[in-house]
Amino acid sequence: MEAPGNAERTGRFALNLAENLDELRRRFDAAVAGANDEQALESVRIAFLGRNGDVTKVRRSIGTLPASQRRDAGKTINDAVAAMEGRLDEAHTTLQARAFESELAASIDVSFPGIPPNLGSIHPVRRVIEQSCAYFGAHGFAVVVGPEAEPDYYNFDALNIPSDHPARESFDSFWLNDTMLLRPHTSPMQIRTMQEHRPPIAIVAPGKCFRRDAVDARHLFQFHQVEGLLVAEGIHFGHLKGMLTGLCRELFGSDQRVRFRPSYFPFTEPSAEVDTTCPKCKGSNSPCNMCGGSGWIELGGSGMVHPNVLREVGYDPERYSGWAFGFGVERLALSRYEVDDIRRFVNSDPDFLTQLA
Ligand code: DAH
């Protein structure tokens with residue numbers, strides 16, 4: 001038999017190549033379709049496109065082709081490889097999506113209880129302020145708020161504490177300059193209110209106060225007070241006692257009692273410190289870590305507004321009289337919630353704060 005001519009031989013090679021690739025491609029497609037995970041897919045890639053893969057072997061056979069055909073054959077193989085790589089990518093994406101879906105299906109349990117959203121809670125100090133204001137509001141008192149930085153006039157002079165008065169020392173203050181300070185109490189609001197309005201005056205003034213106190217279980221350098229002031233004709237100490245007893249019952253329970261201990265404040269005369277029956281031991285005199293066994297806890301200061309203060313704001317002390325008080329809100333909250341350390345109110349621990357909600 002006559003040996004095939006060049007052209008014929010080349011045609012046969014080309015045909016073989018195409019056949020080979022078609023056959024390879026069928027096997028490849030079947031293998032890809034059967035690969036159920038990434039690892040199987042990778043084995044398919046190696047078997048066909050790897051260094052010793054079937055396609056690579058075919059590529060090597062190009063060398064046996066006549067030079068004139070190598071370019072076309074190379075292109076045919078390159079196209080086939082590109083198509084196979086595309087197919088592998090597709091399969092890879094499909095596998096990933098399938099894996100994600102089955103993971104999702106395995107992790108979703110529709111009967112599982114939902115995660116409740118964290119709604120937060122009102123801070124216990126804020127709650128005591130709100131409750132105190134609501135109590136006084138229900139008795140016709142207005143709630144007023146004022147500046148946290150005050151001139152010494154409102155903070156001291158007008159409250160009958162002239163610059164040489166030793167009581168200034170007891171308010172260990174943060175001074176901003178020679179005359180301005182961060183208020184160490186809410187009493188300046190008495191002056192601001194009385195200067196703006198004529199009697200009768202009935203206000204509560206909650207707000208922040210600042211003192212250069214070392215921080216410990218009972219002291220913060222920034223805290224809150226609630227101030228109260230009632231000025232009208234015929235106001236007497238009994239009114240003060242009645243209102244503060246009512247406040248303590250509102251905050252601590254229905255059987256609270258209130259005790260007034262004689263004291264001294266420059267802006268009241270007479271002055272008294274106010275105690276209420278210990279909300280924990282109820283004054284039973286048993287050993288109690290809240291009141292130290294005395295049966296009473298201290299809330300703050302109070303008294304009948306000093307005539308000098310009334311005169312300072314242009315009120316006639318012969319005609320008008322009034323009472324005032326100032327309580328530490330954190331102190332109220334400590335007692336109310338039976339908390340052992342005042343610092344807990346400022347360390348932003350939601351586990352603690354939400355317990356008191
Ligand atoms: N401002 C006082 C203080 O912080 C407390 C006080 C005492 C307020 C007597 C008053 C009052 O309104 O009448 O120590």
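Which pocket is the space taken by the ligand? In this predicted model, the ligand takes the space of the largest pocket.

## The shell around the ligand

The secondary-structure elements that contribute two or more residues to the shell are strand E6 (222-232), strand E9 (296-305) and strand E10 (321-328). In total, 16 residues surround the ligand. The closest are His185, Ser187, Gln190, Arg211 and Glu227.

By residue class, the shell consists of five nonpolar, nine polar and two charged residues.

For Ser187, a polar side-chain atom lies 2.9 Å from a nitrogen atom of the ligand. For Gln190, a polar side-chain atom lies 2.9 Å from an oxygen atom of the ligand. The backbone also takes part: a polar backbone atom of Ala324 is 3.2 Å from an oxygen atom of the ligand.

On its own, the ligand has 360 Å² of accessible area, and the protein covers 93% of this area.

Is Ile235 buried or exposed? Its relative accessibility is 13%, and a residue under 20% is classed as buried; therefore Ile235 counts as buried.

The position of Ile235 can also be described relative to Gly137. The two residues are 98 residues apart in sequence, and their C-alpha atoms are 18 Å apart in space.

Methods: Residues are numbered from 1 along each chain as its sequence is written. This is a predicted model: local features need pLDDT of at least 70, side-chain atom pairs count only at pLDDT 80 or more; totals for chains, interfaces and linings use all residues. Side-chain values use heavy atoms; hydrogens and water are left out. A residue is near a molecule or strand if one of its heavy atoms lies within 4 Å of it. A polar contact is a pair of N or O atoms within 3.5 Å; within protein, one must be able to donate a hydrogen and the other to accept it, and residues adjacent in sequence count only if both atoms are side-chain atoms. Accessible areas come from the Shrake-Rupley method with a 1.4 Å probe; for residues, only the protein chains shown count as cover. On a 1 Å grid over the protein atoms alone, a cavity is a set of points where a 1.4 Å probe fits but cannot get out, and a pocket is an open set with protein on both sides within 12 Å along at least five of seven lines; lining residues have an atom within 4 Å of a point. A molecule sits in a cavity or pocket if more than half of its atoms lie within 2 Å of its grid points. Helices (H or I, at least four residues) and strands (E, at least two) are DSSP runs, numbered from the N terminus. Ala, Val, Leu, Ile, Met, Phe, Trp, Tyr, Cys and Pro count as nonpolar, Asp, Glu, Lys and Arg as charged, and the others, Gly among them, as polar. Buried means under 20% relative accessible area, exposed over 50%, partly exposed in between (1.4 Å probe, protein chains only).
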